[in-house]
Each structure stands twice: as C-alpha cells, then as structure tokens.
Amino acid sequence: MPAIVFDRYGFTYAGATKPSLEEISLTIEEGETVLLAGSSGSGKSTLLRSLNGLIPHMYHGKTLGRVNVNGFDVSTTSPTELATKIGFLFQNPENQIFMFSVRRDVAFGPENLGLPQEQIRNRVEEALTLMNITDLADRAPHELSEGQKQRVALAGVLAMKPKILVLDEPLSLLDPKTAVMLVEFLTEIKRRMPLTLLIVEHRLELLANLLDRMVVLHQGRILGDGPLRDVIASDEIRPAGVRIPAIVRLRAMLEKNGLRFDSSPISTGELVVQLGDLDVD
Amino acid sequence: MIEFSDVDFDYPQGQPALRDINLSIKTGELVAILGGNGAGKSTLVRHINGLLKPTRGTVTVFGNNTRKASVAEISRRVGIVFQSPDHQLFAETVEKEIDFALRNFGTSLQFRHERIRDVLDFFDLQKYRSSSPLKLSSGEKKRLSIASIMAWKPDILILDEPTVGQDAFQQDKLKELVGLWTDEGKTVVIVSHDLEFLWGLVPRLIILSDGSLVADGKTEEILMKEELIQGESLHKPQLLDLAVMLRGTPPYHSFQNASDAAKWILKSRE
Ligand SMILES: Nc1ncnc2c1ncn2[C@@H]1O[C@H](COP(=O)(O)OP(=O)(O)OP(=O)(O)O)[C@@H](O)[C@H]1O
Ligand SMILES: Nc1ncnc2c1ncn2[C@@H]1O[C@H](COP(=O)(O)OP(=O)(O)OP(=O)(O)O)[C@@H](O)[C@H]1O
Ligand SMILES: [Mg+2]
Ligand SMILES: [Mg+2]
C-alpha cells in the first residue's frame with residue numbers, strides 16, 4: 001500500500017478567489033524519499049497541510065478529489081488519529097511548541113501515542129540528545145532563539161518515531177552543523193527501515209544524498225516529478241524558481257561549452273571527481 | 001556608524017546572551033553576522049535599534065548612546081526585519097501593514113501611495129494588497145515584513161535570516177535590495193546561516209559563539225580558517241570549496257559566482 005496518495009486533488013481556501021492546489025495526482029510509496037520544491041506561494045505548505053488533516057478539518061475551503069495516508073482517507077480521519085501515522089513539522093516552529101518546558105513539549109507526542117512512562121522518558125532523552133538541546137530541557141520554549149525552537153519542534157516529531165515524516169523547511173532555521181547532523185541522522189534511519197519522507201526545503205545542496213525523488217509545484221500544479229538529479233538539472237522547472245545549487249549551475253555552463261558529464265553532480269566533491277575524467281567533444 | 005563597546009547582555013530570566021562585545025560598523029558597510037543557534041545574533045542586532053539595552057557597556061548609533069536616545073529617535077533611522085515575521089505583522093491588510101510606519105513618520109499621502117505601490121511591486125505582493133497578512137504563505141509574510149521596512153528607507157537596514165522561505169527569484173530580489181541600499185551609502189547588516197546566499201555578496205563576516213565575538217574580518221579569510229569552521233558551525237560555500245579543491249589555498253581571486261568558476265575551468269583545460 002502506498003504511504004501517500006493524492007488523487008486529482010484540489011483545494012481553495014475559504015474566501016480566496018483562486019485555488020491554491022489544482023489537479024494534484026501524486027503517489028508516494030512506502031520508503032520513498034521526496035523533495036517538494038517550488039516558488040514561494042506555489043502551494044507547498046497547503047499540500048502538506050492536506051496530509052495531517054489541518055486541511056480540511058481546521059482550515060476551511062473547497063476540496064476536490066481525495067487524499068489518502070496509509071490507506072486512510074484524510075477527509076474522514078481526525079487530525080488526532082492522523083498524528084499517530086505522520087510526523088509533521090510546521091514551517092514555523094511556534095505553531096507547534098506550546099508547553100511550559102522544553103522537556104514537556106518533546107514528551108507531548110509520545111504521551112499521546114499512549115506509550116508506557118519508561119519508554120516515553122527514554123524517547124524524550126534520546127530526542128533531546130540528538131538535537132543537542134539537553135541543556136535547554138528545563139527552559140521555556142518561547143524564551144529560546146528561533147533555531148533552538150526549531151530544534152525543540154524537531155525533537156518532538158522525532159520522539160514519536162513515525163514511519164512517515166513530513167517536514168516543512170526543517171533546515172531553514174538550523175545552523176549548518178545541526179542541519180548536516182539532522183540529514184545524516186535521517187539518512188541512517190532510512191538505511192535501517194523503510195522511512196517515507198516528504199520534505200520542503202530551499203537549501204537542496206544539503207539534501208541531495210538523502211532524497212531520491214523531486215516534485216516541483218508551480219502555481220498550485222505539478223510542474224516536474226522524477227529522480228532528484230534529473231529534475232534539478234532540467235529546463236522545464238525553470239519557471240518555478242527552484243534554488244539551483246552553484247555546482248549544478250556550473251555544470252550546465254560547462255556543458256554549454258562542450259564538456260560532457262555522465263552523471264549530475266550536486267556536491268563540490270562529485271564535480272571535481274568528474275572533472276578529472278571528462279570527455280571533451 | 002554603529003559602535004558596541006564592552007557590551008554584555010543578560011535576559012531577565014538570567015540567561016547571559018552577549019559577553020564583552022566590541023564591534024564597529026561604518027556607515028555604508030555591508031556585513032553579515034553568523035554563528036550557531038543561540039549564539040546571540042538576534043540579541044545583538046536588537047541592540048542596534050535600541051529595542052534591547054546593554055546590561056553593561058554601551059551601544060552608540062550615529063553618535064547616540066542607545067540608552068539615552070529615545071526609541072523613536074533611533075527607530076526613525078534603523079529598520080529591523082525580525083527573524084519571525086509573525087512577531088512583526090499585525091495590521092488588517094497588507095497595504096495597512098506597509099502604511100503603518102510611513103504614517104507614523106508623518107510622510108505625505110502621495111508619497112505613501114507611491115512607496116506602497118513600489119515595494120509591493122518589488123516583492124510581487126501587489127495581488128495581496130487588500131488581503132489579511134495572516135492569509136499569506138510563510139515566504140510571502142517574510143517578504144511583506146521586509147517590504148514594510150524597506151518602504152520608509154531607513155539609514156541602517158537589518159535583515160534577520162532574510163532568505164528563509166525564499167525561492168531563487170526572491171533571493172535575487174533580496175540581493176537587489178541590498179545593492180539599492182549600499183549604492184545609496186546606507187548600512188546593511190544581515191544575520192544568516194545561509195552561506196550560499198552570502199557568498200559573493202557580503203565582504204565582511206562577524207562570527208559569534210556562545211555570546212562572544214570570536215572572529216571579524218574579510219569573508220574569504222574567515223571561511224578559510226579551519227578551526228573556526230569546525231568549531232563554530234560554519235561551512236564553506238560550494239564555490240569556495242571548489243576553488244580550494246582545484247587551486248589550493250588562496251590568496252587568489254576566488255570564484256565569486258558560477259560563471260567565474262566556469263571560465264577558470266575552461267581556460268585551465270585549453
Ligand atoms: N526572550 C528570551 N528570554 C530568555 N532567553 C532568551 C530569549 N531569547 C533568546 N534567549 C537566549 O539568548 C541566547 C541568544 O539567543 P538569540 O536569539 O540571540 O540567538 P541567535 O544567535 O539569534 O540564534 P538562532 O540562530 O537560533 O536564531 C540563547 O541562549 C537563547 O536561548
Ligand atoms: N490561510 C490561508 N488563507 C487563504 N489563502 C492562503 C492561506 N494560506 C496560504 N494561502 C495562499 O495559498 C497559496 C499557497 O500558499 P502556501 O502557503 O501553500 O505556499 P508555499 O508554497 O508553502 O509558500 P512558501 O514557500 O512561501 O511557504 C498562496 O497564494 C497563499 O497566499
Ligand atoms: Mg510554505
Ligand atoms: Mg536568531
């Protein structure tokens with residue numbers, strides 16, 4: 001059974017004149033790892049909100065078609081139930097941290113799963129250690145720096161150990177060291193179990209080795225969908241304003257000048273290796 | 001001119017957030033402040049517009065001690081775009097949001113109309129003119145918060161994580177905005193983790209760590225200091241990394257953009 005299915009799905013916010021999503025058909029299999037890209041305002045967060053039930057249960061509007069998560073129809077499943085199937089990170093961490101202490105906040109998810117106390121405690125400590133916020137555990141979440149808030153929100157999501165993770169710009173507020181650490185952690189879990197990942201992120205050079213597939217939204221519709229390295233280098237997605245890493249742009253310039261590459265480098269190291277054994281025509 | 005001397009800052013809850021900061025930024029300079037989460041970047045820039053006052057030491061802006069000058073006096077010249085737009089946006093409509101400061105500063109009706117139109121056009125927000133800011137996407141909210149500061153043309157522009165939520169087109173707009181300010185001899189301070197954005201744009205970096213200033217200098221020199229990169233949660237942007245791999249350690253004029261790199265590579269293969 002696929003993890004996520006959008007079937008000719010569309011959504012228009014109440015009071016809006018135009019749909020924010022139109023004719024979305026997208027299937028994500030269990031274990032697939034997908035980058036969702038697209039310009040600001042293209043509908044990325046709207047698409048993610050349609051997975052955890054915020055749409056249509058909290059945000060009202062007109063829905064067309066159907067969304068399924070793990071075989072459950074989102075429109076007839078409560079957000080509380082969906083929260084046990086999907087780990088969801090909001091774009092703004094302040095929308096998901098609300099307890100009086102960091103530790104209580106991280107424990108909130110696992111408590112709602114009804115796990116035994118002992119296991120909750122272990123998971124919370126594990127998540128705090130992972131996000132390197134053990135020393136902030138007794139602080140009030142709203143008195144932290146923005147990046148620290150982001151780490152608390154991520155710890156809360158990871159402590160639930162979900163099989164499906166949906167993350168809206170998880171790296172945007174993290175410092176580079178923490179961002180790399182998180183990506184490595186996810187890569188490691190992916191190696192051990194079939195983790196389904198759907199991530200919105202503009203800094204894609206950080207994610208190139210974690211994610212296999214890339215879907216591009218443009219004005220509420222799907223503009224591109226395929227293997228990440230192919231989509232990122234393709235001309236079709238230009239109108240979507242995806243932030244193309246410098247190395248990918250460089251390769252395109254070199255190809256225009258007659259150099260031929262046999263795969264699509266995204267990191268500096270990959271490009272240098274390929275420059276070493278290039279064909280020139 | 002912005003001057004920090006011996007500045008300490010503790011949050012009321014007793015969190016020491018800045019320690020012994022000495023720093024000077026000249027009028028017309030473009031600088032970026034970097035450092036790990038919680039290093040004190042947002043706390044530091046909030047001292048420049050007098051929103052926070054140092055616990056010890058002094059901050060002077062255009063010769064005024066921020067502890068003595070009134071907030072109104074400083075805020076007329078220093079515009080700060082917060083890291084989180086939700087802390088900044090409160091008007092009923094996008095248009096009113098931008099008009100708020102303009103009206104406060106007592107500018108004429110015609111001037112206000114022109115400025116509102118110009119900044120909405122600049123950031124592609126014209127279509128939301130009469131919408132509620134709450135109905136915008138996150139990136140759109142961020143652009144609105146930048147537009148509403150840009151509208152009244154402050155002498156010092158402070159951008160806290162401006163690239164969050166911004167696509168390639170909007171990022172180019174941000175670079176254009178920075179150019180507009182520096183061309184007029186105004187000062188721009190950017191706080192950011194986004195080195196790919198800063199590279200080729202910002203000539204000077206200031207690095208904070210745990211509330212202290214640990215490095216301050218030319219972008220390329222700072223990013224070549226390995227111990228600093230390891231310890232302070234920095235990384236080399238792709239083009240600098242590439243220059244080092246292909247050409248060894250600078251000094252040389254390293255690749256500022258992808259076409260610099262392309263030219264060098266093509267030439268070296270001739
Ligand atoms: N309102 C507050 N009350 C108490 N402590 C705070 C408050 N805001 C920030 N702090 C603390 O002050 C320190 C500096 O925070 P600051 O927001 O300046 O960090 P930053 O460098 O901007 O980090 P980030 O990259 O995460 O935005 C941190 O340890 C943070 O926990
Ligand atoms: N609550 C809302 N009510 C009405 N319209 C909304 C609401 N939230 C978003 N929109 C509109 O829907 C469209 C898609 O917004 P969405 O937040 O999904 O974009 P996004 O791709 O996530 O953008 P960003 O990268 O800036 O976060 C935008 O035109 C936005 O203005
Ligand atoms: Mg969004
Ligand atoms: Mg900050």
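Between chain B and chain A, 19 residue pairs are in polar contact, with both members at pLDDT 80 or more. On the side of chain B that touches chain A, six helices each supply at least two residues: helix 5 (138–150), helix 6 (168–183), helix 7 (195–198), helix 9 (226–231), helix 10 (238–247) and helix 11 (258–268) of chain B. The model is predicted.

The contact draws 46 residues from chain B and 50 residues from chain A. The area buried between the two chains is about 3,600 Å². Carbon and sulfur atoms give 56% of that area. In chain B, the most area is lost to chain A by Asn37(B), Gln238(B) and Arg269(B). Together these residues make up 18% of what that side buries. The interface of chain B and chain A holds 1 salt bridge. Asp194(B) and Arg243(A) meet through their side chains in a salt bridge, at 2.8 Å from N to O.

Each of two magnesium ions is considered next. The magnesium ion (ligand 3) has Ser45(A) (OG) and Gln91(A) (OE1) as its protein donors. Ser45(A) belongs to helix 1 (residues 44–49) of chain A, and Gln91(A) to the loop between strand 6 (86–89) and helix 4 (102–112) of chain A, so the pair ties together parts that are 46 residues apart in sequence. Both Ser45(A) and Gln91(A) are buried.

The magnesium ion (ligand 4) has its protein donors in chain B: Ser42(B) (OG) and Gln83(B) (OE1). Ser42(B) sits in helix 1 (residues 41–48) of chain B, while Gln83(B) sits in the loop between strand 6 (78–81) and helix 3 (94–104) of chain B, so parts 41 residues apart in sequence are tied together by the pair. Ser42(B) is buried, at a relative accessible area of 16%. Gln83(B) is also buried, at 13% relative accessibility.

Side chains of opposite charge can pair when their charged atoms come close. Over all chains, the count comes to 37 salt bridges. In chain B, one of them joins Asp8(B) and Arg56(B), at 2.9 Å from N to O. Asp8(B) lies in strand 1 (residues 2–10) of chain B and Arg56(B) in strand 4 (residues 56–61) of chain B, so this pair ties together parts that are 48 residues apart in sequence. Asp8(B) counts as buried at 13% relative accessibility, whereas Arg56(B) is partly exposed at 40%. A network of salt bridges links Asp8(B), Asp10(B), Arg19(B) and Arg56(B).

Arg112(B) forms a salt bridge with Asp99(B), and their closest N and O atoms are 2.8 Å apart. Arg112(B) lies in helix 4 (residues 109–122) of chain B and Asp99(B) in helix 3 of chain B, 13 residues apart. Both Arg112(B) and Asp99(B) are buried. In chain A, the side chains of Arg104(A) and Glu111(A) meet in a salt bridge at 3.6 Å, N to O. Arg104(A) is partly exposed, with a relative accessible area of 41%. Glu111(A) is partly exposed as well, with a value of 29%.

Burial was also examined in chain A. Helix 6 (residues 146–158) of chain A has 13 residues. From its first C-alpha to its last, helix 6 of chain A reaches 18 Å, close to the 18 Å expected at 1.5 Å a residue. Of its 13 residues, 13 are buried, so helix 6 of chain A is largely enclosed by the rest of the structure.

In helix 9 (residues 246–256) of chain A, the buried residues include Ala246(A), Ile247(A), Val248(A), Leu250(A), Arg251(A) and Leu254(A). Their cover includes helix 8 (228–233), strand 11 (259–260) and helix 10 (268–276) of chain A. Helix 10 and helix 11 of chain B are also part of that cover. Just after helix 9 of chain A, Gly258(A) takes a positive phi of about 95°.

Lys85(A) is found in the loop between helix 3 (79–83) and strand 6 of chain A. This lysine counts as buried, at 15% relative accessibility. Leaving aside residues up to four places away in sequence, Lys85(A) touches Asn70(A), Phe72(A) and Ile164(A).

Methods:
Residues numbered from 1 in each chain as written. Chains lettered and ligands numbered in written order. Predicted model: local features only at pLDDT ≥ 70, side-chain atom pairs only at ≥ 80, totals over all residues. Heavy atoms only, no water. Helix = DSSP H or I, 4+ residues; strand = E, 2+ residues; numbered from the N terminus. Expected span 1.5 Å × (residues − 1). Buried < 20%, exposed > 50% of the residue type's maximum accessible area, 1.4 Å probe, protein only. Donors = N, O, S within 2.8 Å, 3.2 Å for Na, K, Ca; no water. Contact = heavy atoms within 4.5 Å. Buried area = accessible area lost by both parts, 1.4 Å probe. Salt bridge = Lys/Arg side-chain N within 4 Å of Asp/Glu carboxyl O. Polar contact = N/O pair within 3.5 Å; in protein donor to acceptor, adjacent residues only side chain to side chain.
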